[in-house]
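I set out to record, entry by entry, what I looked up in one structure.

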Amino acid sequence: MPVQPDHAILPAADVLLERTVTLADEAATAAFGERFARALEAERDEPRKGKQAFKGLQVHLIGDLGAGKTTLVRATLRALGHAGRVRSPTYTLVEPYTVQRPDGELALYHFDLYRFNDPDEWADAGFREYFDSGAICLIEWPQRAGPLLGVPDLVFSLEVDGEGRRLTARAYSESGKACLERC
Ligand code: ADP
Ligand code: MG
């Protein structure tokens, strides 16, 4: 079955790069998380000609319950050096992480907006600030926030594919594209 459109608000024409990856088992998801982590580090740490300082990255994770969104976030955090637990933020809506990198700290926020239903809560909780802080924001169920989130840098769509998963990754910004090219 073809992947459904991620968001009604994201026109297909705005996709700068699309890649599909078969994740046959959890080890394959872990390996993709590792490549993604290295890509995030490279995008943050390697200044490129004519490129502004890293402004953070907004990544949307789309897929049914059990599609493997949290598994991919967990793999990414582990590969970035986070040794502690990675809880699914279903009730807290967001879990913050700080990983130590050779050239300083990297902030990452893991959102799960499955239970999000009140746009006022968005403002009250100060979520907006997370997106302007230069952090990496990985967001499960971004659809629940409607237009509050704006256009992401990357969208990862996960689908069950036999015993494994199929990941369709789409980039909507130059930063997102640079990351995806490295995955
Ligand atoms: P979601 O966050 O999308 O609801 P989870 O990551 O919490 O999903 O759970 C996904 C389930 O699928 C877990 O039981 C996990 O072990 C399994 N899983 C994750 N990735 C794969 C994969 N590539 N192949 C097979 N099973 C996977
Ligand atoms: Mg989840």
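This is a predicted model: local features need pLDDT of at least 70, side-chain atom pairs count only at pLDDT 80 or more; totals for chains, interfaces and linings use all residues.

The notes below follow the order in which I looked things up.

**Entry 1: salt bridges.** I looked up how many salt bridges there are, and the count comes to seven.

I began with helix H1, which spans residues 26-45 and holds both Glu-34 and Arg-38. These two residues form a salt bridge, with 2.2 Å between the closest N and O atoms. They are four residues apart, about one turn of the helix. Glu-34 is partly exposed at a relative accessible area of 36%, and Arg-38 is likewise listed as partly exposed, at 33%.

Arg-38 also forms a salt bridge with Glu-41, where the closest N and O atoms are 3.0 Å apart. I checked the spacing in helix H1: Arg-38 and Glu-41 are three residues apart, so about one helical turn separates them. Is Glu-41 buried or exposed? I found Glu-41 buried, because its relative accessible area of 11% falls under the 20% limit.

**Entry 2: a bridge between two helices.** I then turned to Arg-182, which forms a salt bridge with Glu-43, the closest N and O atoms being 3.7 Å apart. Arg-182 lies in helix H5 (residues 174-182) and Glu-43 in helix H1, so this pair ties together parts that are 139 residues apart in sequence. Arg-182 is partly exposed, with a relative accessible area of 33%, whereas Glu-43 is buried at 2% relative accessibility.

**Entry 3: the magnesium ion.** Which protein donors does the magnesium ion (ligand 2) have? I found Thr-70, through OG1, and Glu-140, through OE, at 2.1 to 2.2 Å from the ion. Thr-70 belongs to helix H2 (residues 69-79) and Glu-140 to strand E5 (residues 136-140), so the pair ties together parts that are 70 residues apart in sequence. I recorded both Thr-70 and Glu-140 as buried.

**Entry 4: charged patches on the surface.** The negative patch gathers Asp-118, Asp-120, Glu-121 and Asp-124. Glu-121 is found in helix H3 (residues 119-124) and is partly exposed, with a relative accessible area of 32%.

The positive patch gathers Arg-74, Arg-78, Arg-85 and Arg-87. I placed Arg-87 in the loop between H2 and strand E3 (94-101). Arg-87 counts as partly exposed, because its relative accessibility of 43% lies between the limits of 20% and 50%.

Entry 5: As a point of reference, most residues other than glycine have a negative phi. I therefore looked up residues that depart from this. Leu-93 has a phi near 70°, a positive value in a residue other than glycine. Leu-93 sits in the loop between H2 and E3 and counts as buried at 5% relative accessibility.

Trp-141 likewise has a positive phi, near 55°. I located Trp-141 in the loop between E5 and strand E6 (154-161). With 11% relative accessibility, Trp-141 counts as buried.

Key: Residues are numbered from 1 along each chain as its sequence is written. Chains are lettered from A and ligands numbered from 1 in the order in which they are written. Side-chain values use heavy atoms; hydrogens and water are left out. Patches are made of residues with over 30% relative accessible area and no salt bridge: like charges are joined within 9 Å, nonpolar side chains (Val, Leu, Ile, Met, Phe, Trp, Tyr) within 5 Å. Accessible areas come from the Shrake-Rupley method with a 1.4 Å probe; for residues, only the protein chains shown count as cover. A salt bridge is a side-chain nitrogen of Lys or Arg within 4 Å of a carboxyl oxygen of Asp or Glu. Lys and Arg count as positive and Asp and Glu as negative; His and the chain ends are not counted. The place of a charge is taken as NZ of Lys, CZ of Arg, CG of Asp or CD of Glu. Buried means under 20% relative accessible area, exposed over 50%, partly exposed in between (1.4 Å probe, protein chains only). Donors are N, O and S atoms within 2.8 Å of the metal (3.2 Å for Na, K and Ca); water is not among the atoms, so sites may look incomplete.
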